[in-house]
Amino acid sequence: MERRRLDLHRFLQRLSSHPTLQRSTLVRAFFESTEWHVQMHQHAAHPPHAEPTPGIIDNISDTLLNAFSRMRKPDERFLSMREGVDQFEEGLVVAERIWNRVRNRTSDLTADYHDLAVAVQGLGFLESGITDPLNNFSNTLLEFSALLRHTSQTSLDPFLIHLHSLLAYSHANRAVMRLRDQKQLDFEELSDYLAGVTADRDRLSAVISGHAGSTGLGLGSYIKDRVEALRGADDDRSRVEKMRKLDIKIKELQDAVTTAHETSDAFSDETLREQNVFQYAKEAEMKEMLGGLADGQIEFYKSAMEEWERIIPLIQRIRVHP
């Protein structure tokens with residue numbers, strides 16, 4: 001429950017510090033309104049933007065736009081950006097693994113010091129001459145065990161929770177870059193599709209004008225023409241009708257390519273802005289996270305020094321007589 005509370009608190013902090021989202025009407029209403037449920041229902045019933053109608057890009061076969069496609073002209077800016085994110089996430093994963101190990105070792109030490117305190121207390125009952133010093137030493141061990149547990153709960157646990165949250169934030173940032181790549185891929189695949197349809201139109205135009213040999217007619221196109229001839233669709237009228245349909249499709253594709261190009265450029269610009277926001281937030285959160293860990297460790301060692309400096313003179317005064 002505490003982890004979920006901290007994650008929610010950190011998420012709201014990121015929202016409120018985001019230069020774009022902090023100006024959102026919906027976000028401001030969430031933070032300030034006393035009737036949030038009413039406003040949320042109104043927003044759901046009357047969204048600010050109408051749902052976009054499916055266009056030609058949504059009707060293209062999934063074989064064109066799929067997860068296995070690769071961009072032909074990747075942007076160097078985003079390649080270096082992705083490399084930096086990879087290194088950052090790799091460092092976070094290593095740090096999380098190491099500090100989880102530290103957390104487990106600290107828990108083991110807490111139990112060991114507690115067991116040692118119980119053993120020393122039992123020894124004090126057997127050694128009547130030094131019972132009080134041994135009891136004081138046992139109490140110090142118990143205090144040190146409790147101090148280890150307190151440090152783990154107030155310093156290590158929040159650090160690990162924040163570390164995991166920062167890793168999730170980085171994954172969200174990576175998702176934005178993947179979405180930008182998909183927009184560029186949409187543009188490239190649509191451009192290829194447009195080029196293919198244009199080539200078909202040019203080939204058909206050459207056939208109609210009687211210059212098929214000058215268009216570089218391939219084997220596939222030749223077979224396609226023969227099949228259409230067998231179907232009785234080889235007359236000039238059907239070719240003209242097909243030509244008209246291809247012209248309409250080319251016009252639609254040209255509009256779609258223009259839209260996809262504008263969308264890709266807009267996503268690239270927005271991704272660069274989001275990366276700057278992420279860099280700033282990452283630096284601030286790393287400073288807060290490491291600062292909290294350092295403060296917790298400093299407090300732990302100061303308290304530990306006070307405990308041991310108090311008990312050491314008592315232990316040194318113990319005299320064992322033969």
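A residue is called buried under 20% relative accessible area, exposed over 50% and partly exposed in between, with a 1.4 Å probe and protein chains only. The model is predicted, so local features need pLDDT of at least 70 and side-chain atom pairs count only at pLDDT 80 or more, while totals for chains, interfaces and linings use all residues. Residues are numbered from 1 along each chain as its sequence is written, and side-chain values use heavy atoms, with hydrogens and water left out.

**Exercise 1.** Classify Ile98 and state the element in which it is found.

*Solution.* Step one: Ile98 belongs to helix 5 (residues 76–126); helices are DSSP runs of H or I with at least four residues, numbered from the N terminus. Step two: Ile98 has a relative accessibility of 41%, and therefore counts as partly exposed. Step three: together with Val94 and Val102, Ile98 makes a nonpolar surface patch of about 190 Å².

**Exercise 2.** Determine whether Leu116 is buried, partly exposed or exposed, and do likewise for Lys73.

*Solution.* Step one: Leu116, which also lies in helix 5, has a relative accessible area of 41% and is therefore partly exposed. Its C-alpha atom is separated by 9.8 Å from that of Ser145, 29 residues apart along the chain. Step two: Lys73 sits in the loop between helix 4 (56–59) and helix 5. At 68% relative accessible area, Lys73 is exposed. Lys73 and Gln184 are 111 residues apart in sequence, yet their C-alpha atoms are 9.0 Å apart in space.

**Exercise 3.** Which helix gives the most to the lining of the largest pocket?

*Solution.* Step one: the largest pocket holds about 630 Å³ of space. It has 28 lining residues, and those closest to its centre are Arg14, Leu15, His18, Tyr169 and Ala281. Step two: helix 1, helix 6 (131–209) and helix 8 (236–316) each supply at least two residues of the lining. Step three: helix 8 gives the most, with nine residues.

Notes:
Patches are made of residues with over 30% relative accessible area and no salt bridge: like charges are joined within 9 Å, nonpolar side chains (Val, Leu, Ile, Met, Phe, Trp, Tyr) within 5 Å. Accessible areas come from the Shrake-Rupley method with a 1.4 Å probe; for residues, only the protein chains shown count as cover. A salt bridge is a side-chain nitrogen of Lys or Arg within 4 Å of a carboxyl oxygen of Asp or Glu. On a 1 Å grid over the protein atoms alone, a cavity is a set of points where a 1.4 Å probe fits but cannot get out, and a pocket is an open set with protein on both sides within 12 Å along at least five of seven lines; lining residues have an atom within 4 Å of a point. Grid points are joined across faces, edges and corners, and a volume is the space filled by probe spheres set on the points.
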